Amino acid sequence: MTVDSSRTLALICLGVVVACAGPLAAVRPRGLESQQEAPKLVILMVVDQMRGDFLEHYGPALTGGLRRLMDRGYTFERATHNHARTSTGPGHTTLATGVHPSRHGVVGNSWTELREGRPVQVYNVEDEDSPILGYPEFYGRSPRNSYREGLADWTLKRDDDARVVSISLKDRAAIGLASKAKGDVFWILLDDGRFATSEFYFDKYPRWIERFNEDVMPGLYADTIWESEIPEHLEYLSRPDTSRAEHDGIHSYFPHLARAELTSDGDRAWMEWRSELSPFPDRAVLTLAREAVRERRLGQRDEVDYLGISLSQTDKIGHRYGPMSREQLDNMIRLDRELEVFFRFLDETVGEDRWVMAFSSDHGISNVQEYLPEPVPRFGADMQSRLNEALREAVSGGGAAEDVRDRMVSRFKELDFVEDAWTVRELQSGNPADSFAVLYQNSLSTERFWGLLGRYQIQVRWIPGLKPGYLRGTNHETPYYSDRWVPLIFYGAGVPAGSTDRPVASVDVAPTLAALAGIAVPNDLDGVALLP
């Protein structure tokens, strides 16, 4: 059921709020004075959908790169994203820019905008003026929809000869970590398993990327079987391997065979299986990252360079199998191993005293609904029907748009699967005492509306654990702590080993990395430098 937008949205008056960066303020952290020089390579690494307790929970299985970070880095145990829409686009952009989504504009992976009075769905990195290089039939990609510059841009402003590289499976992750900077930004195309970019960044592919796609990717993307590498004595760290609440309810156990799980025929289906249903793309991203360090000589020159890396498979696997599944345990073991290879490479190629890194996530994740302490029913036809009826009743009263919205909010609050609801007008007014309302304010845009009811300028907080749109597996995208809690570890040159349980926020990541590398930052950030 849809509500006639002319009745509910015709009177909407939109104002465009674009946050402009202020002048840059030089930052020099204490603790670096004794060093001969600041680090030459700044790395922002994001593991998609890694909740704040993952490292501790899976700790007994971790002996490689993740263990290195835990033992030798500085850990902030209570780091959170302080916005309500906990998604990939907002999370990556917040980590990279140091401001909340309400200011950088990337309020969701997608959102609704009104164009000539009609609601239009917009993907956060879409840009018809920047076609994907070599694929003119695909819709273009760029950071055009983001309002803010970020750490990559600040690095280039420090030195025109600095180099920026950002790599991920996902376009919105690679672009988000690069902010507005025109660097070497690449992501994997689902259609053919190759790293691609757009005309925003290049007019032709660098030869080293072409060579990598032709010579290396076929070997990295050849797997058609995902077998467990979990030692038997560590299986206790996960749930049993079979569950009707995982994946499609049938293929929920090892080994996972592409030929049995393909949903269609053709090369694209095989590529989709590798990208969406296996741990293998993270290996490809980290392998290309090593190649980029070599080819672009990142951190090996006089300039300070920037490297953004987003690893997506914790998210892909988490959605289908859940955070405590056997599949996620296997993925974490593989990730731990691949990261140690990458860190050793950096030590040998760049120099262990010449690189510094922030390690975090774009959002957390809720446990699979059936495995919560108090299981929550799935958002099914009954809930949808009751939601539709509430919409119909609110619209049937007629009147001005704001009156209709107020009635919608009142009706939604009566539903037993809705915890709270607000109109955008309510969220914009004053400083609410409700901490959840503050989180929604930090995700608010006056021209970009997200969520199931965003097009009506209404935000709803579902009951904890409820995940509309997911009949199996699980999701994030809520303001609850499980979805906002992420790991945050700084590691490398100038960073002592240690930990703290004081609360910090994802907006603090970019200014902290900048401080560690002596990079100037805008003076209007929402975040602050955390170290020392």
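Biologist: What gives the most to the lining of the largest pocket?

Modeller: Strand β14 does, with five residues. This is a predicted model, in which local features need pLDDT of at least 70 and side-chain atom pairs count only at pLDDT 80 or more, while totals for chains, interfaces and linings use all residues. Residues are numbered from 1 along each chain as its sequence is written, and side-chain values use heavy atoms, with hydrogens and water left out.

Biologist: What makes β14 a strand, and which residues does β14 span?

Modeller: A strand is a DSSP run of E with at least two residues, a helix one of H or I with at least four, each numbered from the N terminus. β14 spans 458–462. Both β14 and β4 (110–115) supply at least two residues of the pocket lining.

Biologist: Why is a space called a pocket and not a cavity?

Modeller: On a 1 Å grid over the protein atoms alone, a cavity is a set of points where a 1.4 Å probe fits but cannot get out, whereas a pocket is an open set with protein on both sides within 12 Å along at least five of seven lines; lining residues have an atom within 4 Å of a point. The largest pocket has a volume of about 530 Å³. Of its 32 lining residues, the closest to its centre are Arg85, Gly451, Leu452, Trp462 and Glu477.

Biologist: Which cavities does the structure hold, and what lines the largest cavity?

Modeller: There are two of 30 Å³ or more. The largest, of about 80 Å³, is lined by 14 residues, with Thr93, Val106, Ser146, Ile175 and Gly176 nearest its centre. Helices α4 (88–97) and α7 (171–178) each supply at least two residues of that lining. The second largest cavity contains about 30 Å³ of space, and its lining includes Val424, Arg448 and Trp450.

Biologist: How do you know that β3 and β12 each pair with β16?

Modeller: Two strands pair if DSSP finds at least two bridges between them. Two bridges join β3 (residues 74–80) to β16 (residues 489–492), and four join β12 (residues 355–360) to β16; therefore each pair qualifies. Both pairings are antiparallel. Within β16, Ile489 is the bridge partner of Thr75, and Phe490 that of Ala358.

Biologist: What makes a set of residues a nonpolar core?

Modeller: Such a core joins buried Ala, Val, Leu, Ile, Met, Phe, Trp, Tyr and Cys residues through side-chain atoms within 4.5 Å, where buried means under 20% relative accessible area with a 1.4 Å probe and protein chains only. The largest core has 72 residues, and Met45, Phe195, Leu346 and Phe359 have the most contacts inside it. Helix α13 (residues 326–351) contributes the largest share of this core, ten residues. Another core, of 35 residues, lies apart from it and includes Leu488 and Val521.

Biologist: Why is the pair of Phe186 and Phe202 called stacked?

Modeller: Rings of Phe, Tyr and Trp (its six-membered ring) pair if their centres lie within 6.5 Å; planes under 30 degrees apart count as stacked, over 60 as edge-to-face and the rest as tilted. By this rule there are 22 aromatic pairs. The centres of Phe186 and Phe202 are 5.8 Å apart and their planes at 20 degrees, so this pair is stacked. Both residues are buried.

Biologist: What makes the pair of Phe200 and Tyr201 edge-to-face?

Modeller: Their ring centres are 4.8 Å apart and their planes stand at 80 degrees, so the pair is edge-to-face. Phe200 and Tyr201 are both buried.

Note on methods
Points joined across faces, edges and corners; volume = space filled by probe spheres on them. Buried < 20%, exposed > 50% of the residue type's maximum accessible area, 1.4 Å probe, protein only.
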